[in-house]
Amino acid sequence: MPQFAIIIPTLNEVENISPLLANIRESMGDDASWEVIFVDDNSEDGTWQQVFALAQEDARIRCLRRIGRRGLASACIEGMLATSAPYLAVMDADLQHDASILPQLFAALTSGEATVAVGSRYVAGGGVGNWDATRTGMSRFATRLASSSLLAPCQDPMSGYFAVRRDIIDSVAEKISLNGFKILFDILSMPGIPLKVKEIPYVFSTRMHGHTKLSPSVIFDFAWLLTKKWCSSVPIANFLVFCLVGLTGVLVHYGVLYLLLRSQNFVLAQTIATYAAMTSNYFLNNIVTFSSYRLSGVKKAKGYIKFCLICSFGAVINIACAHLCFSMGMAWFAAAGIGIVAGSILNYIFSRHFIWK
Ligand code: GDD
Ligand code: MN
C-alpha cells in the first residue's frame, strides 16, 4: 500500500503531464512507496486520456475523472479521500511547483517534525520567479489578509503546494471549503487540529504550457472564505454576525406569524414562529457565524436542541431585564432594548461556549 500520495488537480494540462511525471519519478525514486492521483475535471484537451494511457504503464499513476464539476479545492479533497496513503501532498500540474522538494515535504511529516509541510515561496531560499509587480503585490496582499486568521505561523499560507498527514484531512474533510483555490489557508485556520507547520523553500516557476485558471470568481471565493474566517475568529466581528443572523430571525418570525395567523390562534402561531426563527438562526449560525466550528451529523442535531434551550433561557433573561428596567421607570423602548441586548449577549456567549466550541 502506498505511503505517500501526490494529488494533482488538472484542467486542460495535457502537455504538462509527461514532464511532470518525469520530475516526480526522479525526485521520489523507486524505493519509496508512492502514488500520484490526478483529479481531472473532464478536460477537453485530452488530459485524462493521457493520464489513463500512462496509468496503464505504471500502477502508481491513477486518474479520477469528474464530470459536471469544477473547482481546485474540491478536486484536491476528492483526490485525498480516494487514497489510503497516510501522507498526502497537493501540487499543481503546470510545473510551477518544484517536484524536487517532494521528499523533504514528506520527510517533515514522517519524522514527526510537522503535521503540515508547506512548499514556501516566502522563506529564505524560496521565491516567486519572474512574476510582475502586480501579481507579486496581489499575492503579498492576500497573504497579509490571511495571516490574521492563521492558527499556526506560516509565511506562505496561500501556497498551493503542501503535504499533510491524512488523519488531519479525515478530521476536517466535512468542514473544508470546496470552493476556490485556498485549501492550505483553510486548514491552517481550522480550530481543533494538531497544527505543526514546517516550510520548505522553493522557487515558483513560469508556466510553459496551458494557461492559468485564476479568475475573478476565484478571488471572490477567497474573499468569502476570508470573511467567514474573520467573522469566526475575531470576537466582536463574530458577535455582530451573530446579531445580524438574529435580525434575519426576526424577519422569519414575522413572516411565519403572518402566514399562520390566517388559520391559527395567536398563541400557537407565535409559538411556531418562535421555533421557526430559532431554527433558521441555528442553521445560519452554523454556516456563517461559526463556520470554522461547523457541526454536522449527530453533533448538529444535538447542537440544535442545545441552541433551542439556550435561546429559551435567553428569552427569560431578556424579559426579566426588560421588566426590571421598566418597573424602575425606564421608557418602554429603552427597557425593551436592554432586554434584547442582554438576551443576545447571553445567547452568544452560551452558544460559543456550549455549542460551537
Ligand atoms: N480539477 C481541476 N478543476 N483542476 C483545476 C481547476 C478545476 O476547476 N482549476 C485549476 N485546476 C488545476 C490546474 O490545472 C493546475 O494544475 C492547478 O489546479 C493550479 O491552477 P493554476 O490555474 O495554474 O493556478 P495558479 O498558478 O494561478 O495558482 C496556483 O498558485 C497559487 C500561488 O500563487 C495555485 O496553486 C494556487 O493555489 C496558489 O495559491
Ligand atoms: Mn499555475
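Visitor: Where is N12 found?
Guide: N12 lies in the loop that joins β1 (4–10) to α1 (14–28). Keep in mind that this is a predicted model.

Visitor: What is the phi of N12?
Guide: N12 has a positive phi of about 55°, although it is not a glycine.

Visitor: And is N12 buried or partly exposed?
Guide: N12 is partly exposed, since its relative accessible area is 30%.

Visitor: OK, what about L95, where does that sit?
Guide: L95 is in the loop between β4 (87–90) and α4 (102–110). L95 is not a glycine either, and its phi is positive, at about 70°. With 18% relative accessibility, L95 counts as buried, because the cut-off is under 20%.

Visitor: Let's switch to the metal. Which residues coordinate the manganese ion?
Guide: The manganese ion (ligand 2) is coordinated by D94 through OD and by Q96 through OE1, at 1.9 to 2.0 Å.

Visitor: Are D94 and Q96 buried or exposed?
Guide: Both D94 and Q96 are buried.

Visitor: Stepping back, how many helices and strands does the chain have?
Guide: There are 12 helices and seven strands in the chain. The C-alpha trace spans about 80 × 45 × 40 Å along its principal axes. Of the 357 residues in the chain, 47% are buried.

Visitor: How do α11 and α12 cross?
Guide: The axes of α11 (residues 297–327) and α12 (residues 332–355) come within 7 Å and cross at roughly 150°. An angle over 145 degrees counts as roughly antiparallel, so that is how α11 and α12 run relative to each other. Their crossing is right-handed.

Visitor: What classes of residue make up the contact of α11 with α12?
Guide: That contact has 19 nonpolar residues, seven polar and one charged.

Visitor: How about α9 and α10, at what angle do their axes cross?
Guide: The axes of α9 (residues 235–260) and α10 (residues 266–289) cross at roughly 150° and come within 8 Å. The crossing of α9 and α10 is right-handed. By class, the contact of α9 with α10 has 15 nonpolar and 11 polar residues, and no charged ones.

Visitor: New topic: how many disulfides are there?
Guide: Zero, from a search of the whole structure. C76, for example, is in no disulfide; its nearest cysteine sulfur, that of C63, is 14 Å away. C76 counts as buried, because its relative accessibility is 2%.

Visitor: Which helix holds C231?
Guide: C231 is in helix α8 (residues 216–233). It is buried, with a relative accessible area of 13%. From C-alpha to C-alpha, C231 and V241 are 6.9 Å apart in space, and they are 10 residues apart in sequence.

Visitor: Last one: where is L54 found?
Guide: L54 belongs to helix α2 (residues 47–57). L54 is buried, with a relative accessible area of 17%. L54 and L21 are 33 residues apart along the chain, and their C-alpha atoms are separated by 9.5 Å.

Visitor: Great, thanks for the tour!
Guide: Any time.

Technical notes. Residues numbered from 1 in each chain as written. Chains lettered and ligands numbered in written order. Predicted model: local features only at pLDDT ≥ 70, side-chain atom pairs only at ≥ 80, totals over all residues. Heavy atoms only, no water. Axes fitted to C-alpha atoms, helices over the stretch in contact; angles between N-to-C directions. Helix = DSSP H or I, 4+ residues; strand = E, 2+ residues; numbered from the N terminus. Parallel < 35°, antiparallel > 145°, perpendicular 65-115°, else oblique. Left-handed = near helix turned anticlockwise from the far one by under 90°. Nonpolar A, V, L, I, M, F, W, Y, C, P; charged D, E, K, R; others polar. Donors = N, O, S within 2.8 Å, 3.2 Å for Na, K, Ca; no water. Buried < 20%, exposed > 50% of the residue type's maximum accessible area, 1.4 Å probe, protein only. Disulfide = S-S within 2.5 Å.
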